[in-house]
Amino acid sequence: MKAVQITPNLVQLTRAHFVNAYLVREDDGLTLVDTTMSGAADDLLEAATHAGGTIRRIALTHGHGDHVGSLDALKEKLGDAVEVSMPELDARIHAGDRVVDGKLPGSWPTIRTRPNVLLAAGDRVGSLAVVASPGHSPGHVAFLDSRDGTLVAGDVFTTYGKAAVTNHFYLRFPFAAMATWDKAKDLESARALRALDPAVLAVGHGPALRSPGPAMDAAIARAG
Ligand SMILES: [Zn+2]
C-alpha cells in the first residue's frame with residue numbers, strides 16, 4: 001500500500017494502483033475514510049501506525065465493495081473503540097432495505113459491521129463536515145475538512161489523467177460510470193462539490209489535485 005502525504009492533515013493510501021483510502025489527522029488520533037477492498041486491514045493499520053496515530057473513526061463515502069471491503073476485518077481488530085460512520089441510505093441498503101426502485105449498480109458485498117453513526121448532510125466526523133453528494137450511490141457523501149478546505153470526494157469525480165465526473169464513460173477508469181446509480185444526481189453533486197471551492201480534491205480513484213477548481217469546471221463541462 002502506497003502512502004502519500006497530501007496535506008499536514010491528510011495521507012492518501014493507494015492499494016493495487018487503483019483505489020484510495022485516506023487517513024485524516026485529528027487531535028485524538030486518526031479518521032480513516034474508506035477501507036478499499038477486502039484484505040487491506042493489516043496494511044491500513046500499519047499505515048496508521050506509520051502516520052503516528054490510532055484509527056479512532058472509520059467514515060465511509062459510500063457502500064460499494066471497493067470502499068467498504070475491509071470494514072469488517074478492521075472492526076474485528078479495532079473493536080468497540082472505533083466509531084463507524086456510513087451514509088444513511090447506503091447503510092440501509094447494506095441492511096437489506098429496498099431504498100430505491102430498480103437495480104442498484106456497483107458491488108454491494110455482505111458486511112456484518114453495523115455503523116454507529118448514520119451520516120446525513122451537515123453532520124461532522126471530527127474536523128470533517130459531511131456533504132451530501134448522491135448519485136454514484138443513493139447515499140454517497142463527501143467530507144470537507146473545515147481546517148484547510150480539503151475535500152475527500154469519494155467517487156463523484158475520478159482523476160486519472162484529468163478530473164472526470166463519474167456520470168459518464170471515461171476510458172481511463174470506466175468502472176466508475178458503470179457503478180453509478182443516478183447519472184443526473186451524480187452531475188448535480190459534482191456541481192455542489194465544485195461550489196465548495198475546495199483547496200484540494202482527494203478522490204477514491206486517482207491522484208489528489210491541488211487548487212482543483214478549473215479541473216472540476218472542465219470535468220463538469222465535459223459531463224453535461
Ligand atoms: Zn470506488
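Reply: Glu26 lies in strand 3. Strands (E, at least two residues) and helices (H or I, at least four) are DSSP runs, numbered from the N terminus. This is a predicted model, in which local features need pLDDT of at least 70, side-chain atom pairs count only at pLDDT 80 or more, and totals for chains, interfaces and linings use all residues. Residues are numbered from 1 along each chain as its sequence is written, and side-chain values use heavy atoms, with hydrogens and water left out.

Glu26 has 13% relative accessibility, so it counts as buried. The classes are buried under 20% relative accessible area, exposed over 50% and partly exposed in between, using a 1.4 Å probe and protein chains only. Neighbours within four places in sequence aside, Glu26 is in contact with Thr31, Arg57, Val125, Gly126, Ser127, Leu128 and Arg147. Contact means heavy atoms within 4.5 Å.

Now the sheet around it. Strand 3 covers residues 19-26. Seven strands make an open sheet with mixed pairing, in the order 1-2-3-4-5-6-7. Its edges are strand 1 (2-7) and strand 7 (117-119), each pairing on one side only. Two strands pair if DSSP finds at least two bridges between them. Neighbouring strands of this sheet are turned by 25 degrees against each other on average, direction ignored. Axes are lines fitted to C-alpha atoms, for helices over the stretch in contact, and angles run from 0 to 180 degrees between N-to-C directions.

Take strand 2 (10-15) next. Strand 2 and strand 3 pair antiparallel over six bridges. One of the bridge pairs is Leu10 with Val24 in strand 3. The hairpin of strand 2 and strand 3 has three residues between the strands, and Ala16 there takes a positive phi near 55 degrees. Ala3 has Leu13 of strand 2 as its bridge partner.

Strand 2 is mostly covered, with six of its six residues buried. In a regular strand the side chains alternate between the two faces of the sheet. Leu10, Gln12 and Thr14 point one way from strand 2, while Val11, Leu13 and Arg15 point the other way.

The largest pocket has a volume of about 220 Å³. Of its 13 lining residues, the closest to the centre are Ala3, Leu13, Glu46, Ala47 and His50. On a 1 Å grid over the protein atoms alone, a pocket is an open set of points with protein on both sides within 12 Å along at least five of seven lines, whereas a cavity is a set where a 1.4 Å probe fits but cannot get out; lining residues have an atom within 4 Å of a point. Grid points are joined across faces, edges and corners, and a volume is the space filled by probe spheres set on the points.

Strand 1, strand 2, strand 3 and helix 1 (41-50) each supply at least two lining residues of this largest pocket. Helix 1 gives the most to that lining, with four residues. The lining divides into eight nonpolar, two polar and three charged residues. Ala, Val, Leu, Ile, Met, Phe, Trp, Tyr, Cys and Pro count as nonpolar, Asp, Glu, Lys and Arg as charged, and the others, Gly among them, as polar.

Further along the sheet, strand 5 (residues 55-59) and strand 6 (residues 83-87) pair in the parallel sense over three bridges. Ile58 has Val84 of strand 6 as its bridge partner. Helix 3 (residues 71-78) packs on the sheet, touching strand 4 (29-33), strand 5 and strand 6. The direction of helix 3 makes about 155 degrees with that of strand 5.

Strand 11 (residues 150-152) and strand 14 (residues 200-202) pair in the parallel sense over three bridges. Thr150 has Val200 of strand 14 as its bridge partner.
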